[in-house]
Amino acid sequence: MADLKRTDGTRIAVRHRAGGGPTVLFLPGYASDMAGTKAVALDAWAERRGHAFVRFDYGGCGVSEGDFADQTLDDWLNDALLVMDNMPGPIILVGSSMGGWVMLLAALARPGQIVALVGLAAAPDFTEWGFTEDQKLELLREGRIFEHSEYGPPMMTTRAFWQSGEAHRLLQRNIAIDVPVRLIHGQRDAAVPWHHAPHLAGQLRSADVQVVLVKDGDHRLSRPGDIALLIAMVEALLEPA
């Protein structure tokens, strides 16, 4: 699969590893990209196993075109759907942090393509619970806010992204997803409190949902043991029932 283009011509960078199916598709977190530890580790696993794997950068992130400040959750969801619509066969989605939100929205939008979901510190609805009321007021008034990030430069959120996220909130209703879902969450996650994982599990319609809590795990879940757990979960989903 080559790089893809949005309808406005923006190039979305895609890396595709051919192999056996179903294809595993990695969805990065907010302001992250396909060169992150988890995406690269899954790519290496897919190479060893001869399994199909796809990773990509949302518009405005990594090596894709676009201005980060112009992007919304809708844009990034549509990037994921664009990639999915150009992939053959069934798909296992792996979503990290905000990518876990995109994962759920994409599964709802393309239910016939999805055979399983794996969320890592999944953060659906973070525009609702991830900001104080003062921050929300500042977003509405100023159009953007900047927050400290322990992983790099200050994190920018725009009013357009926040409003887009608010329009896609999921956690106050039953989520009509019926495929197997695996949720991994660190109990030392300072960005997405771990109790969101069991709450999300309860909202999913699927009867096949498992939550694994890593007591000493942080938000990134990128240590060797965390990666081994992720790979083991993906492999278990690939085994015949």
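**Figure 1. Strand 6, helix 3 (residues 98-109) and strand 7 form a right-handed β-α-β unit.** A crossover is called right-handed if, with the strands pointing away from the viewer, the path from the first strand over the helix to the second runs clockwise. Helices (H or I, at least four residues) and strands (E, at least two) are DSSP runs, numbered from the N terminus. The view shows a predicted model, in which local features need pLDDT of at least 70 and side-chain atom pairs count only at pLDDT 80 or more, while totals for chains, interfaces and linings use all residues. Residues are numbered from 1 along each chain as its sequence is written, and side-chain values use heavy atoms, with hydrogens and water left out. Strand 6 (residues 91-96) runs parallel to strand 7, and 6 bridges join them; two strands pair if DSSP finds at least two bridges between them. Within this pairing, Ser 96 has Leu 120 of strand 7 as its bridge partner.

**Figure 2. Strand 7 (residues 114-120) is mostly covered.** Of its 7 residues, 6 are buried, where buried means under 20% relative accessible area, exposed over 50%, and partly exposed in between (1.4 Å probe, protein chains only). Strand 7 also runs parallel to strand 10, to which 4 bridges join it. In that pairing, Leu 117 has Val 181 of strand 10 as its bridge partner.

**Figure 3. Strand 5 (residues 51-56) is covered on both faces.** His 51, Phe 53 and Arg 55 lie on one side and Ala 52, Val 54 and Phe 56 on the other, and all are buried. Because 6 of its 6 residues are buried, strand 5 is largely enclosed by the rest of the structure. Strand 3 pairs with strand 5 in the antiparallel sense over 4 bridges, and Val 14 has Phe 56 of strand 5 as its bridge partner. Strand 4 (residues 20-27), by contrast, runs parallel to strand 5 and is joined to it by 4 bridges. Here Phe 26 stands opposite Arg 55 in strand 5. From strand 4 the chain crosses through helix 1 to strand 5, in a β-α-β crossover that is right-handed.

**Figure 4. Ile 12 is located in strand 2.** With a relative accessible area of 0%, Ile 12 is buried. Apart from its neighbours within four places in sequence, Ile 12 is in contact (heavy atoms within 4.5 Å) with Asp 3, Leu 4, Arg 6, Phe 56, Asp 57, Tyr 58, Gly 59, Ser 64, Asp 79 and Leu 82. The C-alpha atoms of Ile 12 and Val 83 are separated by 8.7 Å, although the two residues are 71 residues apart along the chain.

**Figure 5. A salt bridge joins Asp 79 and Arg 6.** A salt bridge is a side-chain nitrogen of Lys or Arg within 4 Å of a carboxyl oxygen of Asp or Glu, and a search of the whole structure finds 16 of them. For Asp 79 and Arg 6, the closest N and O atoms are 2.7 Å apart. The pair links distant parts of the chain, 73 residues apart: Asp 79 lies in helix 2 (residues 73-85) and Arg 6 in the loop between strand 1 (4-5) and strand 2 (11-12). Asp 79 counts as buried because its relative accessibility is 1%; Arg 6, with a relative accessible area of 17%, is buried as well.

**Figure 6. The side chains of Asp 43 and Arg 17 meet in a salt bridge of 2.6 Å, N to O.** Asp 43 in helix 1 (residues 37-49) and Arg 17 in strand 3 (residues 14-17) are 26 residues apart, and the pair links distant parts of the chain. Asp 43 is buried, at 11% relative accessibility, whereas Arg 17 is partly exposed, with a relative accessible area of 25%.

**Figure 7. His 168 occupies the loop between helix 6 and strand 10.** At 17% relative accessibility, His 168 counts as buried.
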